[in-house]
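User: Please take a close look at one part of this model. Walk me through how it is built and what sits around it.

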Amino acid sequence: MNKQNVLITGGAGFIGSHVVRLFVNTYPEYHIYNLDALTYAGNLENLIDVQDQPNYTFIKGDITNEDFINELFQTHKFDKVIHLAAESHVDRSIEDPLAFVKTNVIGTMVLLNAFKACYHSNFENKLFYHISTDEVYGTLGETGLFTETTAYDPNSPYSASKASADHFVRAYGETYGLPYIISNCSNNYGAYQFPEKLIPLFINNILNKKELPVYGDGNYTRDWLFVEDHAKAIDVVFHKGVLGETYNIGGFNEWKNIDLVSLLCKQMDDKLGNKEGTSAQLITYVKDRPGHDLRYAIDASKIKKELGWTPTVTFEEGLDKTIDWYLNNKDWLNNVTTGAYQDYYKKQYK
Ligand code: NAD
Ligand code: TYD
């Protein structure tokens with residue numbers, strides 16, 4: 001049998017690099033093509049350990065470039081697509097919403113069109129798997145969980161762009177019979193996450209003895225999942241998911257921001273040999289994020305019941321591993337926080 005050609009978009013980013021690594025190492029019978037524009041968030045250093053594998057090819061390119069994407073699909077006839085490429089940070093979406101429409105909405109449309117044009121409705125054994133977020137559901141109050149049937153109600157330009165992309169994927173399924181699956185996951189954390197998101201930003205700031213900017217009163221809640229568990233969930237959905245279905249993926253692991261930050265400070269003090277309370281002194285309450293969603297929490301019982309996936313890494317264990325990774329990879333941190341990062345930081349936390 002011929003090798004299956006699997007396209008992973010955004011594979012040089014945080015979650016994408018874990019998915020690429022898992023697929024390249026687990027499935028020699030697939031050829032994995034990693035398509036990534038290498039924006040500020042994409043970094044080939046994330047994949048040094050797999051870059052020379054015979055079943056792996058990196059392609060630098062932008063998913064919004066129609067001619068390039070169409071040609072790429074015609075050349076490689078990708079059997080399956082796992083689409084992760086996106087602008088992914090809420091704060092940046094507040095500053096520059098159009099960049100999010102371009103990549104997340106138009107980029108997804110360009111991929112859908114190229115995929116459709118490649119197969120002329122003969123979609124046997126084909127799959128377009130869109131990786132989305134729980135943020136499309138908007139915000140929860142103090143109780144309740146997002147299920148797969150919760151109505152979409154996005155509040156940030158980021159979540160609105162992801163919701164729009166989800167709608168187009170579904171519409172292509174209904175209208176053109178395009179075989180798709182969507183999964184909506186909660187907040188990820190782990191190695192290789194760009195230090196603009198809460199956990200790596202605060203690890204980096206503690207290392208540099210900089211303030212830890214907690215938005216508002218810090219009583220916002222997120223449901224945290226270790227990134228390697230998300231990558232495993234994507235593997236399970238890719239192989240066992242039912243076409244046309246949506247799967248919610250979450251950690252059964254809700255934390256108020258301020259409690260999470262306190263735990264992080266404590267673990268950092270332990271590891272750095274600091275006196276207890278040293279890192280917590282850096283906590284600074286700052287102006288809230290506009291449109292800040294109060295609470296996200298996922299009901300992941302469908303993927304558990306139907307596909308047999310559950311998270312395997314506890315939060316304490318995952319956070320411990322994550323901190324160790326950043327402490328052991330200070331060069332990676334330094335490389336991504338020089339240059340343009342400094343300008344972003346000044347603007348965001350002025
Ligand atoms: P990330 O920002 O770390 O990585 C995104 C990758 O996409 C980067 O490598 C970047 O270079 C690439 N990219 C951006 N624009 C591109 C373009 N126009 N063409 C080609 N490549 C482009 O993001 P992440 O946190 O790894 O998230 C990956 C996906 O998972 C996104 O679709 C995001 O919406 C979704 N998601 C993320 C989380 C989370 O907690 N991080 C949770 C749920 C879902
Ligand atoms: P983030 O990591 O940006 O993920 P998301 O907005 O997609 O949930 O933020 C997680 C939570 O942490 C969110 O409630 C916003 C908050 N936060 C801060 O309090 N300070 C910060 O500097 C950042 C980046 C986030």
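Analyst: In this predicted model, three strands form an open sheet in the order β7-β9-β11, with mixed pairing. Strands here are DSSP E runs of at least two residues, helices are H or I runs of at least four, and both are numbered from the N terminus. Pairing takes at least two DSSP bridges between two strands. β7 (187–189) and β11 (254–256) are the edge strands, each pairing on one side only. From one strand to the next, the twist averages 50°; axes are lines fitted to C-alpha atoms, for helices over the stretch in contact, with angles from 0 to 180 degrees between N-to-C directions.

β9 covers residues 221–226 and pairs with β11 in the antiparallel sense over 3 bridges. Asp 223 faces Glu 254 of β11. Helix α7 (residues 227–240) lies across β7 and β9, contact meaning heavy atoms within 4.5 Å. α7 runs at about 70° to β9.

Now ligand 2. An oxygen atom of ligand 2 sits 2.9 Å from a side-chain N or O atom of Asn 187. Asn 257 also has a side-chain N or O atom 2.9 Å from a ligand 2 oxygen. For Glu 135, a polar side-chain atom is 2.5 Å from an oxygen of ligand 2. Polar contacts to the ligand are N or O pairs within 3.5 Å. Alone, ligand 2 exposes 510 Å², and the protein buries 97% of that (Shrake-Rupley, 1.4 Å probe).

The shell has 20 residues, each with a heavy atom within 4 Å. Glu 135, Pro 213, Arg 289, His 292 and Tyr 349 come nearest. α3 (90–95), α6 (198–207) and β8 (212–215) each supply at least two shell residues.

Residues count from 1 along each chain as written, chains are lettered from A and ligands numbered from 1 in written order. Local features need pLDDT of at least 70, side-chain atom pairs need 80 or more, totals for chains, interfaces and linings use all residues, and side-chain values use heavy atoms, without hydrogens or water.

Key: A polar contact is a pair of N or O atoms within 3.5 Å; within protein, one must be able to donate a hydrogen and the other to accept it, and residues adjacent in sequence count only if both atoms are side-chain atoms.
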